[in-house]
Amino acid sequence: MSEKPKYYMTTAIAYTSGKPHIGNTYEIVLADAIARYKRSQGYEVFFQTGTDEHGQKIELKAGEKGITPKEFVDDVAGEIRRIWDLMNTSYDKFIRTTDEEHEKQVQKIFKKLYDKGDIYKGHYEGMYCTPCESFFTESQLVDGKCPDCGREVQPAKEEAYFFKMSKYADRLIEHINTHPEFIQPVSRKNEMMNNFLLPGLQDLCVSRTSFQWGIPVDFDPKHVVYVWLDALTNYITGIGYDCDGESTKQFQKNWPADLHLIGKDIIRFHTIYWPIFLMALDLPLPKQIFGHPWLLQGDGKMSKSKGNVLYADELVDFFGVDAVRYFVLHEMPFDNDGVITWELMVERMNSDLANTLGNLVNRTISMTNKYFGGVVTDKGAAETEEERAVDADLKAVTENTPKVVDGKMNDLRVADAITEIFNLFKRCNKYIDETTPWVLAKDEAKKDRLETVLYNLIAGIKAGAVLIEPFMPETSGKILAQLGDGKVTEKPEILFARLDVEEVMKKVQELHPPVKEEGGTAEGEAACDGAEKAVIDIEAKPEITFEDFAKMQFQVGEIIACEEVKKSKKLLCSQVKIGSQVKQIVSGIKAYYKPEEMVGKKVMVLVNLKPAKLAGVLSEGMLLCAEDADGNLALMTPEKEMPAGAEIC
């Protein structure tokens, strides 16, 4: 019997600064889906995750709470692991960077690189971002702030050890050019090459002296190892790497990693720093690094003052584990940010899960019990050309879907893979409408045809249930158990119950009431109930006729992507879904909205405005805004949830 092929994959290790929200949790669910799928394909998977526990930010947060850094990270790491387990993730190892063996190997790695001449001692002077644990030069800052997170930076000067990054830059560039699969998606590769590697790498600061919560440099203990050299090496220390040449059989078997799954915000550390560290250690590079996009709240950044922070455990209380897994996996595009809102969760729960899937399983089992006592066989009864055609089409979709899903998963297009599986469930629903089993049941002469129809349905649903296991493992098990092996269950279980969006939102508001800000309420209400509300009078324009108005076409649009227009200080370029079309619209609202805040918004659009170029970018419509006396703009949005494409009249 041949040995199973190995597949070693990792997530980024979660930083222990606080409880992870649903955007952080998305990564572990995505990784779990990939790991489960690979296991189903016969791979021996080793799936590692964990926590990143050192750094100045941790030291400061622990001090604020009056506890030691170790006590602080013990608590947060426990909470992270609880949520990872809650989401039914099948990781094989949970590493912590405070693990004794990891710390020991980091010290040995640092010393080896120092002895080799790749690390040297010097002084660093620059702008430091505490949240990112990173130094930047003035030229690297964006509007005077951290280029990674946008927060304030502080001038810092201290003695430090440095790594000679430029020594390995040409070798890394060659590797990236000769291994097109190494960095995915391709947009991430282009960003790293054009913005960092090709302009030239500066030497990297790899130690700090201004705080103590880190792994000490054992030969110079006033220094602690820079957090990224510490954190990144978890991918090898976690599987038994030993710097002295005594690595375990597990390391020898599993390295190089087949996949590092990370967020797009830390792509530079994983595709530049980490490969260069590995080159310096004479170790092969990982086979692939995938920088996934972000999962954003519907109105942009999550904020306690808005009461809109979403946590996995709270979502699970409302929807269940598999529904949350389905949502975060299905709603995340391959290389664009995804959006999550309570309302959209309810919509998907009702349409995709309760209706398309749950109702399909329920009525198939119910009809099988009602007409055949729970047992059907393939009678092969299809007398007319139409009957043979619909049977053949369902069977073709059933047989082809695993192949299509496999192609999508090999390309890490997880959302697309799920869509294909649900297309199979939708085809099963359509098959019911085409064959009308309830009509066949009225004619005894059609009994064999009816049995054939139900047999084909069960076969299609079973195939989909097997395929959905990596993404919705509990649901897959429930469906297969109900369909049985030869006989369906007597009473079908409701897989997903429909929810009322108003009731859900009422409970959400009770759970997360807006936080009152000092000096007023979160909604910005007047200090006195009787205060007069602000009004604005504007200069009247000439009257128009109804015919003039009727020439303008207004519709609801949904912004599915947005980016800054590089040649302009004022413009954003949005991709707006309007019905089945997507229009590109350029708007002068950069001062009021960040691109990530735009994604997911439902907006009012003037659709039939003549296309024009703004700053060299084609604009195919206009987003409607309101403007106050100070010139501040606010997008006009529907009061109630409306589908993209709804006419505004």
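Trainee: Where does Ile 544 lie?

Mentor: Ile 544 sits in the loop between α19 (501–511) and α20 (546–550); helices here are DSSP runs of H or I with at least four residues, numbered from the N terminus. The model is predicted, so local features need pLDDT of at least 70, side-chain atom pairs count only at pLDDT 80 or more, and totals for chains, interfaces and linings use all residues. Residues are numbered from 1 along each chain as its sequence is written, and side-chain values use heavy atoms, with hydrogens and water left out.

Trainee: Why does Ile 544 count as exposed?

Mentor: Exposed means over 50% relative accessible area, buried under 20%, and partly exposed in between (1.4 Å probe, protein chains only). Ile 544 has 54% relative accessibility, so it counts as exposed.

Trainee: Why is His 512 called buried?

Mentor: Its relative accessible area is 18%, so His 512 is buried. His 512 is also placed in the loop between α19 and α20. Its C-alpha atom is separated by 9.8 Å from that of Leu 310, 202 residues apart along the chain.

Trainee: Which residues form the nonpolar patch on the surface?

Mentor: Ile 544, Phe 549 and Met 552 form it, with about 260 Å² of accessible area together. Areas come from the Shrake-Rupley method with a 1.4 Å probe.

Technical notes
Patch = residues over 30% accessible without salt bridge, like charges linked within 9 Å, V, L, I, M, F, W, Y side chains within 5 Å. Salt bridge = Lys/Arg side-chain N within 4 Å of Asp/Glu carboxyl O. Helix = DSSP H or I, 4+ residues; strand = E, 2+ residues; numbered from the N terminus.
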